[in-house]
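The sequence and model come first.

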Amino acid sequence: MTEDLKFFNELTEFLLQEEQTNPVAAPIPTDQLYSTLDLYLNDEPSPDEDFTQILTGIIKSTPKTASASFFNQLYGGRIGKATLGDLLAVMLNSSMYTYKVAGPHVGIEKTVLHKICDIIGYGKDSDGAFAPGGSMTNYMAMVMARDKFDLTIRNKGVHNKMTLYTSATSHYSIPKNASFMGIGRDHVRFIKINSLGEMCTEDLEVQIQNDLTEGNQPFMVNATAGTTVLGAFDDIQSISSICKTYNLWLHVDGAYCGSVIFSNTYKHLVKGLELSDSFSVNAHKMLGTPLTCSMVVVKDKQHLHQSFSNDAEYLYQTADDEFNLGKTSLQCGRRNDALKLWTLWKSVGTNGLEKIVDRQFEMANIARDYIIHNSDYTLYNFEESISVCFNYKDINPKELCTALYDSSQLMVGYGTFKEIEFVRLVTINTTLRKADILNFFKTLENFVSQKLWMIGIVLSA
Ligand SMILES: *Cc1c(COP(=O)(O)O)cnc(C)c1O
């Protein structure tokens, strides 16, 4: 093991170097992947030398999500203290279902969840759980909402036309989960959005009334705190009052930008969050922990027990339910995802988390400012969002992003809103500074001026 750890450190050194010298790995065309890298599994062991060479080759070709050239996704960068916690979690290899096996890590997970409940003002009956990703924390919230509406579903299955409401630009996990949980994709109502990408509450109420008239059974609304493309925030307060009127569960999907709860400057974006029934947030997005670190909190913890507990004598042998997290989780064996957030939080404090969040908005403002003052750019202006959407010189954004990637310049993606396609620069990597953001634009401009012909090649390919 000692030798493997030494080897691991060497590989890490190599990776860190690559992130500096080759921040955008040269992509391997899919039809050449298996002929470029030796990924085959053989009957005989791989000689040490080959093993090392293969691993370094894999590292070299892997997209560098922690580099200063990666803006492609809703995560990026690497924060040392969070990575440290995750590496420790791998070494300890605890499974989070029981106190007997996980020991103090149960307390660590509970501390993180209770603190989040405190910050959003959920009150003393609240609690939460970790699940492998925001899609799955949304799933847990949806199952709790379903069971609250009709407890017999747990045993008898869904036997009514239950309907749920989410904005047209909300995350795809909502309809997907509706299919998993027996509600059915056809019973998800996609509510219109306004010009800022926020759910249109008038339309929400119209749709609910339509369903009631048709004999359907509305049971929940999903509001989004940071939509996946624009980073828009639905108006929780207005949605909440509709939910109260019709007695619907309100979930807030804060997978992307729910971490604004840590910022005094930006928490107004989730005003009224304490009125919701459940809230999900991904620390691996805005808080910069390694993937995955996804939490769902619920105002009344009895719903967690109601939907997720199962007795199992072979598993629950010591301690009470409060300490046996398997009683309130989606999985049985479960990875320790709390430790990395706890090590980060413990080391920088809640004020440090605020700085992490604020930095991303500061970088987004720098990017927007640059775009506004440069006539070659068009900004699709969405203030208070860390998704900066723009186009450059009427160049097709899809072709531009693909050409930048194919020639190892930058990793940045494109998105669409109201039929306009644009480049989406996500300033979620907290380790970046102004110079990195300006360098993004420089790189893009140099690329276009020197290699416009390449875009032509991609176009005709
Ligand atoms: C990223 C995202 C999710 C899904 O989270 P995963 O951890 O990728 O499963 C859900 N909702 C929103 C709004 C997101 O941005």
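The sections below cover salt bridges, aromatic pairs and a charged surface patch.

## Basis

This is a predicted model, in which local features need pLDDT of at least 70 and side-chain atom pairs count only at pLDDT 80 or more, while totals for chains, interfaces and linings use all residues. Residues are numbered from 1 along each chain as its sequence is written, and side-chain values use heavy atoms, with hydrogens and water left out.

## Salt bridges

The count comes to 12 salt bridges, a salt bridge being a side-chain nitrogen of Lys or Arg within 4 Å of a carboxyl oxygen of Asp or Glu. Helix α1 takes part through Glu18 and Glu19. Glu18 pairs with Lys60, the closest N and O atoms being 3.1 Å apart; Lys60 sits in helix α3, 42 residues away. Helices here are DSSP runs of H or I with at least four residues, and strands are runs of E with at least two, numbered from the N terminus. Glu18 is buried at 5% relative accessible area, whereas Lys60 is partly exposed at 41% (buried means under 20%, exposed over 50%, partly exposed in between, with a 1.4 Å probe and protein chains only).

Glu19 bridges to Arg78 at 2.6 Å between the closest N and O atoms. Arg78 belongs to the loop between β1 and α4. Asp211 of helix α10 and Arg189 of strand β4 are 22 residues apart; their salt bridge has an N to O distance of 2.8 Å, and both residues are buried. Shared partners join Asp86, Arg335, Asp337 and Lys340 into one salt-bridge network.

## Aromatic pairs

The whole structure holds 18 aromatic pairs. Rings of Phe, Tyr and Trp (its six-membered ring) pair if their centres lie within 6.5 Å; planes under 30 degrees apart count as stacked, over 60 as edge-to-face and the rest as tilted. Phe149 and Phe219 have ring centres 6.3 Å apart and planes at 55°, so the pair is tilted. Phe149 lies in helix α7 and Phe219 in strand β5.

Tyr266 and Phe361 are stacked, at 3.8 Å centre to centre and 10° between the planes. The pair links the loop between β6 and β7 to helix α13. Tyr266 is buried at 11% relative accessibility, and Phe361 is buried at 1%.

## Negative patch

Glu3, Asp4, Asp38, Asp48, Glu49 and Asp50 form a negative surface patch (residues with over 30% relative accessible area and no salt bridge, like charges joined within 9 Å). Helix α3 gives the most, with three residues.

Notes: Patch = residues over 30% accessible without salt bridge, like charges linked within 9 Å, V, L, I, M, F, W, Y side chains within 5 Å. Areas by Shrake-Rupley, 256 points an atom, 1.4 Å probe, with all protein chains shown as cover. Lys, Arg positive; Asp, Glu negative; His and termini not counted. Charge placed at Lys NZ, Arg CZ, Asp CG, Glu CD.
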